[in-house]
Structures are given as structure tokens and as C-alpha cells.
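Me: I have a structure to look through and I am new to it. Can you walk me through it?

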Amino acid sequence: CGVFGVWAPERDVARITYFALRALQHRGQESAGIAVGDGRSVLVRKDLGLVTQVFSDADLTAMSGKVACGHCRYGTAGARGWEAAQPHLSTINDVIIALAHNGTLVNFDVLRRELIEMGIPFRSNTDSEVAAKLIGYFTQRSGRLRTGIAHTMRMLEGGYAMVLVRENALYAFRDPHGIRPLVLGHLGDDGWVVASETCALDIAGAKFVREIEPGEIIRVSDDGLRSERGCQLGCRAECIFEHVYFSRPDSMKDGSSFYLMRNNMGRRLAQETPVEADLVISVPDSGTPAAEGFAQELGIPFGTGLIKNRYVARTFIQPTQELRQMGVRLKLNALPDVVRGKRLVMVDDSIVRGTTSRQIVRMLKEAGATEVHVRSASPMVAWPCFYGIDTGSQDQLIAAKMTLEEIRAHIEADSVGFLSIEGLLACVPGGDAHGYCKACFTGEYPVEIPRSYWGDRFL
Ligand code: 5GP
Ligand code: SF4
Ligand code: MG
């Protein structure tokens, strides 16, 4: 998911949030929502669909205020209907809050059951609503929202980056391992913004200040910006899949663009799995930075072998396998004039289920390619993610079920190669010592997964 928040009493906070959500649209296309605090109350508007489908100009004009937060949803496990759209509104006595959450909470079902036993009602079965209701509960007991948030953070397990508004203040906080990202920016003289990625700061006209620290709570109000520690710091485990795939290439992290990191992954992949070929092509758009690096490293020309339909959303995010397959055909088509008679290397950022690769290899061969060598700029994804990226259960992950040779045969490629885990770590800021979650590649989970939550997700 994408989350955003802005405190700027002199500005059009709803429109700033709207444009920021459009910049974060790649992080989730299922639903979009904005909450505005106008000093007296909080108003939420949300619906299923893309940001541009949910908000009209008139809607935004009707939402004036001094503080806002927004969300675009990438549905992981849980409900898919309107009730699952965010921000979640929660009313506790006279305190009204709206919460936007990126991530997944692995212990939410236990917490939800306890809250229900205490008579607290739920509209959805999402983890995010559990967080909103917990914050409400502890705020009511302590009389202070900051205390309510800190208490809640101590109970939540999993990955989360959250942005919350009440009528006159903005709050932002991040899980103690820093699994999901959240950055802070300055907007003019008296404005502040928080966002999942820096590309949203750029569009809002905000300057990057720093990341929200793992376990930190930020509060912005008429009293200015304050920071406090919400919970004990865990060992740092930032999601490395943000670097591989999820973040936009022009977003920055630890002093580098994701573009540059992916370009280096492609170079490294070429060193690890070189091949003789006439042309390197990418699976656009996510594979392009790595494909460029692969071609540069081996001195092979880089060309456009696949044309992408710009009006189709990310295929991976489609809920069923059938839709996903149709999605690939709708999204990508081969260019016979470029690939005919050539030995190709086809570079993608990742191979997860194998849906994309298998279909594209066929398309390229039908278009006249003589050889197709498939390369993945990330290591084999063999373990499910429980912290907010929907890579699916293990039985859907091609690398969990097949050997390298079986994968090659399945996707009908002439050869296949994956970046090593050491190779990936050499291409991200700070290397392994920085502290990354890489559980989907290694199976080493930084936050323990309760057995009740496994379901059928392991083979
Ligand atoms: P596959 O088709 O092998 O299941 O998935 C790999 C393709 O899906 C790549 O082109 C990658 O860019 C894309 N993709 C889209 N969303 C995601 C996601 O959330 N996780 C992963 N791993 N890949 C994704
Ligand atoms: Fe990111 Fe993978 Fe860890 Fe999930 S398991 S948080 S996708 S690195
Ligand atoms: Mg892709």
C-alpha cells in the first residue's frame, strides 16, 4: 500500500494528498481514500478503484482542512470490499481519528478477538481496523492519543508504517524493525509531510528531511513537530523487496535512487550468469533498470522487444491466476521486427509465480526469436511474505516447488539465471550490515509468525 500525510494549515491539504497518492499509485490500485481534519472534526472519503476514479475535483474542493492523510490499497490477505478501504475512521468518545496503514500485522486475529469480547464492534476483518480500534481503546483509557499509539505499538507484531489524523494533528509511526518504509519531508515554512516513498514528496513540493525511525512516533500540530519513541527498538529489518521491485525507480533511499540500485543488480546478474546473445530486452517497466545494467556490463545492445500497454495496472496485483494470465497478454506484446532471428536475454526484476516469464518466452519465440535466455534480477522467491507484500503461499511460488532446471523447462527458456542473495546485498546501501528483511528469499523471518497465521501458506 501507499500512505501519505500532510500538515499544512495554509494549504489545500486534500489536493496535495490527492497528487501524492497518484505518485504512489504503483503501491496499490484496489482502493483509495483521503481523510481531512479541519480543526473540528475528521471527514473521510474512500472507495474502490484508482485515485483518479475515486476523487473528482468537486470532492476535493469539499474537503478543506489543515491536516490530511491518504491511502492507496494493495490488498493482501483479508477483505476486498469497501469496508477494507482506508483510511479507517474510529470514534472514541469525542476523539475521532482516521488511520492509513501499509503493512501486515501477524497477530491481529488474537487482538481482534479480545476487542470483540470487550464489546468493540468491527466493520471489516482487516488488520488495519484492529490497529485503529486498539489505538482508540488505549486513548480512551489513558486520555492521550500519543499514549494510545505507543500502547498499541507495543502490542502489534508485524510490519507497519501508519499515518493518522485527528481534527488538529498529524501522527506517523513505524514498526520497531522498520520493515515498511516511511519518510519525512518539509513543506515550505510551516508544513510537514510523511510518505511511503520520496516520489510523493517530489510531487508535493516537499524537501526530504529524513526517514521516520523504526519505533518512532512523529506528531505535528500547532505546537510544531515532536518526536518520541513509541516502543523498544527491534533489530533493523527493512523490506529488501522495496529495492527489488516495489518502490518507484525515481524514489530515493539511503542516498541512492532505486533506479541505480536495480541497474547495479543487473550488472551483478550479468557477472554471475553471463550468456552469449545478440540483444538484451527487459520486461517493462519493472525489469528495465536491471536489463540496462545487464546489457551495459556485457556490452550487448539493449533494445525494446516488448511493448507495454500503459493503461493496464500491475498484473501481479490481480487476485486470481486466471486474471493474472489474461493481464499479462493485455499488458505486453512482442515486437517481431526487433526480436526476429535473434538470441535474446530477457531480464525481469523477479520471477515469482512464473506466470509472466512463461507467457513472454512463448510470445518472443512466436515472434521469431531463436533463443530466449531468462534472467531474474532478484534471487529466487521461495518463501511467503507475511509483512505486506502479497507474494502468495509457497505452493504458488515457482522457486519453492522446482529446481533451476525444472523452472527453465517450465518457462520454456533456453537458460534461466537468478541473482544470488550475496549479489543482491552488494547492490543495496550498507549491504547486509544495514539490516534488511530478506525472508522471501531465505525463509529467515525477522518477526516470528504465529502458527495460527501460517494457514496453508507453507508447503
Ligand atoms: P510472476 O509472473 O513470475 O508471478 O511475477 C513476476 C513479475 O511480477 C515481475 O515482472 C514483477 O515485476 C511482477 N510483480 C508485480 N507485483 C509484484 C509483487 O508484489 N511481487 C513480486 N514479486 N512481483 C511482482
Ligand atoms: Fe519484504 Fe520479502 Fe521481507 Fe516481505 S518477506 S517484508 S517482501 S523482504
Ligand atoms: Mg514486472
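Me: What should I know before we start?

Reply: This is a predicted model, in which local features need pLDDT of at least 70, side-chain atom pairs count only at pLDDT 80 or more, and totals for chains, interfaces and linings use all residues. Residues are numbered from 1 along each chain as its sequence is written, chains are lettered from A and ligands numbered from 1 in the order in which they are written, and side-chain values use heavy atoms, with hydrogens and water left out.

Me: OK, sheets. What is the strand order in the open sheet of 7 strands?

Reply: The order is β3-β2-β4-β1-β10-β9-β11, and the pairing is antiparallel. Strands here are DSSP runs of E with at least two residues, helices are runs of H or I with at least four, and both are numbered from the N terminus. Two strands pair if DSSP finds at least two bridges between them.

Me: Which strands stand at the edges?

Reply: β3 (42–48) and β11 (207–211) do; each has a single partner strand, so one side of each is left without a neighbour in the sheet. From one strand to the next the twist averages 15 degrees.

Me: How many bridges pair β1 with β10?

Reply: There are 4 bridges between β1 (residues 2–7) and β10 (residues 191–195), in the antiparallel sense. G5 stands opposite V194 in β10.

Me: Which strands does α1 lie across?

Reply: Helix α1 (residues 13–23) lies across β1, β2 (31–37), β4 (67–73) and β9 (183–187), and runs at about 25 degrees to β4. Angles run from 0 to 180 degrees between N-to-C directions, and axes are lines fitted to C-alpha atoms, for helices over the stretch in contact. Contact means heavy atoms within 4.5 Å.

Me: And the sheet of 5 strands, what is its order?

Reply: That open sheet has the order β18-β17-β21-β22-β23, with parallel pairing. Its edge strands, β18 (302–303) and β23 (415–418), each pair on one side only.

Me: How many bridges join β21 to β22?

Reply: 6 bridges join β21 (residues 343–348) to β22 (residues 371–376), and the two run parallel. R343 is opposite E371 in β22. Helix α9 (residues 258–272) lies across β21, β22 and β23, at about 125 degrees to β23.

Me: Switching to helix pairs. At what angle do α4 and α5 pack?

Reply: Helix α4 (residues 108–117) and α5 pack at about 50 degrees, with axes 10 Å apart. That makes α4 oblique to α5. Angles under 35 degrees count as roughly parallel, over 145 as roughly antiparallel, 65 to 115 as roughly perpendicular and the rest as oblique.

Me: Is that crossing left-handed or right-handed?

Reply: The crossing of α4 and α5 is left-handed. A crossing is left-handed if the near helix is turned anticlockwise from the far one by less than a right angle, and right-handed if clockwise. Helix α4 contributes F108, L111, R112 and L115 to the contact, and α5 contributes D127, V130, K133, L134 and Y137.

Me: What about α5 and α6, where do their axes cross?

Reply: The axes of α5 (residues 127–142) and α6 (residues 145–155) come within 7 Å and cross at roughly 130 degrees. The two are therefore oblique to each other, and α5 passes α6 in a right-handed crossing.

Me: Back to α9. How does it pack with α10?

Reply: α9 and α10 pack at about 45 degrees, with their axes 6 Å apart. That makes α9 oblique to α10. The crossing is right-handed.

Me: Last one. Which residues surround ligand 2?

Reply: Ligand 2 is surrounded by I179, R180, C239, I240, F241, C385, Y387, I389, C437, K438, A439 and C440. A residue is near a molecule or strand if one of its heavy atoms lies within 4 Å of it.
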